[in-house]
Amino acid sequence: MTPAHFTFSSAFMLGLAGLAFHRTHLLSALLCLEGMMLSLFIAMSLWTLQLDATAFSPSPMLLLAFSACEASAGLALLVATARTHGTDRLQSLNLLQC
């Protein structure tokens, strides 16, 4: 395994571990998701550069566009929950309540 592969694999795993273990605030969960998406973007960009495949070159940009849409939807949910519940703590959110 090359050092670049190890770096991006460990960055993805750290984001996944942060998402799994530190779920107290919605903002920290969104930051972990964003870190995972950025590590996937960089890994996919390096993968297309190493293969010299022009057919896969739009894939990282498509992933980055989806990541931006996911981040904007997450921030909209964060603002909505902060306005309705007064906090972004995930334990205070009740999914069964309308």
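Predicted model: local features only at pLDDT ≥ 70, side-chain atom pairs only at ≥ 80, totals over all residues.
Student: Why are helix 2 and helix 3 called roughly antiparallel to each other?

Tutor: The axes of helix 2 (residues 26-51) and helix 3 (residues 58-85) cross at roughly 175°. The cut-off is 145 degrees, and the two helices are therefore roughly antiparallel. Their axes also come within 9 Å.

Student: What makes up the contact of helix 2 with helix 3, by residue class?

Tutor: The contact has 17 nonpolar residues, together with six polar and two charged ones.

Student: Why does Leu31 count as exposed?

Tutor: Leu31, a residue of helix 2, has a relative accessibility of 57%. Exposed means over 50%, so Leu31 counts as exposed.

Student: Why is Leu75 called partly exposed?

Tutor: Leu75 belongs to helix 3, and its relative accessibility is 46%. Partly exposed covers values between the 20% limit for buried and the 50% limit for exposed; Leu75 therefore counts as partly exposed.

Student: Which residues form a nonpolar patch on the surface?

Tutor: The patch consists of Leu27, Leu31 and Leu75, and their accessible area together is about 280 Å². Residues of a patch need over 30% relative accessible area; Leu31 has 57% and Leu75 has 46%.

Student: How do you know that Glu34 is partly exposed?

Tutor: Glu34 lies in helix 2 and has 22% relative accessibility. Buried would require under 20%, so Glu34 counts as partly exposed.

Student: How far is the C-alpha atom of Glu34 from that of Ala71?

Tutor: The separation is 7.1 Å, although Glu34 and Ala71 are 37 residues apart along the chain. For Leu31 and Leu64, 33 residues apart in sequence, the C-alpha distance is 15 Å.

Student: What makes Ser10 partly exposed?

Tutor: Ser10 is part of helix 1 (residues 3-21). Its relative accessibility is 26%, and buried means under 20%; Ser10 therefore counts as partly exposed.

Terms used: Residues numbered from 1 in each chain as written. Heavy atoms only, no water. Axes fitted to C-alpha atoms, helices over the stretch in contact; angles between N-to-C directions. Helix = DSSP H or I, 4+ residues; strand = E, 2+ residues; numbered from the N terminus. Parallel < 35°, antiparallel > 145°, perpendicular 65-115°, else oblique. Nonpolar A, V, L, I, M, F, W, Y, C, P; charged D, E, K, R; others polar. Patch = residues over 30% accessible without salt bridge, like charges linked within 9 Å, V, L, I, M, F, W, Y side chains within 5 Å. Areas by Shrake-Rupley, 256 points an atom, 1.4 Å probe, with all protein chains shown as cover. Salt bridge = Lys/Arg side-chain N within 4 Å of Asp/Glu carboxyl O. Buried < 20%, exposed > 50% of the residue type's maximum accessible area, 1.4 Å probe, protein only.
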